[in-house]
Amino acid sequence: MNRIALVSAITLLLLTGCGTSTSIDEFRVSTKELELKGNEQIVVMGRRHSGEYETEPGFIDCIGDKLANNGLIKVMPEQEFLDGFYPWFEPRTAPLGLKRMGAALNNPLIGNRIRQLGIRYMIWVDGKTETSEKTGAMSCALSPAGGGCFGFTSWDKYSNYEAIIWDLKQLDEKGRVTVDSKGSSYVFAVGAPIPLIAQVQSGACEGIGKRLQGFFITQNTGP
Amino acid sequence: MNFCLYSYPKRILLALLATLLLSACTTNVTVNGEYPTALVSKQPLKVGLVLNESFRGYRFESEESQREPVVMALGESQVKLFDRVVTDMFQSTSTLSAMPAGNGQFDLIIALEVAEVQLAIPTETQLNVYEVWLKYNLKIYDGKGQAITAWQMSSYGKTQTRLLKSSESALNQATVSALRDAGARMITGFQRVPEIRQWFAAHQTGTQLSQRNPQ
């Protein structure tokens, strides 16, 4: 009877646990899709001016990959952009608003390089993924006869990000996408540990990347 | 326990073991990073950048008693950064290990010193980040060796902890980020220092006057 209860509990955990829930909100200035010519590209950047957290570079790369949609949209890697425009987009110097972005574009060195590289849109992503404190306990032991773990532990993850699209040609905002994603992860062990990890951040990346993709229409002709 | 009671080879062995145990608990980092070329227009000036031996070989050793010791060799990486930055900011630069004679060989002389290094690790702050603060003293002289000003410049870098990332790698990344910030601070803030701005204004007027009246 006890074994049946344990198996049922594990099955229930497998089914309900480690699931993620993601909600996405989107705001568009216009219902028209954003034009992106064949020689133009997008750069996705993370906000890093806050002292308490930084928008993870890996998350920015993930959004860039989703947005690129297997090469249909040209996306410049964030680090390449940061190095090419050093020191104007560092955490200390990056423009936080369109007014300061306009001032940066008025610097001929920055403005000319943006035009040369065909960077039409800049997408700023701000947010973080937080992990709650772990609950439960697990202990592992190793002996000459073998090893194993026993116990149960769980934790929650919560992701909250906002992406803002700037049009660098018209110097205005074209839209915003906000994503909230949460999920619980579990590890239980009777001998070997069995992890059930919720893919919270990748869920947020998938959600935000696909929505951003929907903003753009690509033209494979020149200007 | 009297250490002298042991025979000589045993004492050496014990000393070696103690050294090993102590060094095993120390976080040793040799800061290693790449710094990009700056997107700035070069000032038409001849600049001498003085980076003395203590700057070149600078090592930070933490004195906090509550945490495990940290030793960071910063010298090589900070030389690489400031060499790069000054080369990008001015048309002609020379890196020197001592103050040159003020014989007008240079328009400006910049001497750098490390004033302070601070770091915070997750076990201290309960935050999920490694943080590094750097403070530099920049002493600026004119070509005759007359002091123009001393500018204290601080910078900050952080990196989030990642699964499977060692504390050495995280501290290296945070320090490289702080050095990168120091470069950004120097490029964007140099001519905002009032005394330097005044010197530039006077120097440009002088240059313009000498261009107008070459005799």
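**Exercise 1. Find the order of the strands in the five-stranded sheet of chain B and name its edge strands.**

Step 1. Chain B has an open sheet of five strands with mixed pairing, and the order is 5-2-6-7-8. Strands here are DSSP runs (E, at least two residues) and helices are DSSP runs too (H or I, at least four), numbered from the N terminus. Two strands pair if DSSP finds at least two bridges between them.

Step 2. Strand 5 (90–96) and strand 8 of chain B each have a single partner strand, so they stand at the edges and one side of each is left without a neighbour in the sheet.

Step 3. From one strand to the next, the twist averages 25°. Angles run from 0 to 180 degrees between N-to-C directions, and axes are lines fitted to C-alpha atoms, for helices over the stretch in contact.

A word on the model before going on: it is predicted, so to speak of local features needs pLDDT of at least 70, side-chain atom pairs count only at pLDDT 80 or more, and totals for chains, interfaces and linings use all residues. Residues are numbered from 1 along each chain as its sequence is written, while chains are lettered from A and ligands numbered from 1 in the order in which they are written.

**Exercise 2. Work out how strand 2 and strand 5 of chain B are joined, and which helices pack on this sheet.**

Step 1. Strand 2 (residues 43–50) and strand 5 of chain B run parallel and are joined by six bridges. In this pair, V50(B) stands opposite L96(B) of strand 5.

Step 2. Helix 3 of chain B packs on the sheet and touches strand 2, strand 5 and strand 6 (108–120); its direction makes about 150° with that of strand 5 of chain B. Contact means that the C-beta atoms of two residues, placed from the backbone, lie within 7 Å.

Step 3. Helix 5 of chain B lies across strand 6, strand 7 (129–142) and strand 8, running at about 145° to strand 8 of chain B.

**Exercise 3. Describe how helix 3 and helix 5 of chain B pack together.**

Step 1. Helix 3 (residues 75–89) and helix 5 of chain B have axes 10 Å apart and pack at an angle of about 25°. That makes helix 3 of chain B roughly parallel to helix 5 of chain B, a label for angles under 35 degrees.

Step 2. On the side of helix 3 of chain B, S77(B), Q78(B), L81(B), V85(B) and M89(B) meet L179(B), A182(B), G183(B), M186(B) and I187(B) of helix 5 of chain B.

Step 3. By class, this contact of helix 3 with helix 5 of chain B has seven nonpolar, three polar and no charged residues. Ala, Val, Leu, Ile, Met, Phe, Trp, Tyr, Cys and Pro count as nonpolar, Asp, Glu, Lys and Arg as charged, and the others, Gly among them, as polar.

**Exercise 4. Describe the open sheet of three strands in chain B.**

Step 1. Its order is 1-4-3, with mixed pairing. Strand 1 (27–30) and strand 3 (59–61) of chain B are the edge strands, each pairing on one side only.

Step 2. Strand 3 and strand 4 (residues 70–73) of chain B run antiparallel, joined by three bridges. F60(B) has M72(B) of strand 4 as its bridge partner.

Step 3. Helix 5 of chain B lies across strand 1 and strand 4 of chain B, at about 40° to strand 1.

**Exercise 5. Find which parts of chain B touch chain A.**

Step 1. In this interface, 15 residues of chain B are in contact with 14 residues of chain A.

Step 2. Strand 8 (147–160) and helix 5 (167–189) of chain B are the elements that give two or more residues to this side. Helix 5 of chain B gives the most, with seven residues.

Notes
Angles under 35 degrees count as roughly parallel, over 145 as roughly antiparallel, 65 to 115 as roughly perpendicular and the rest as oblique.
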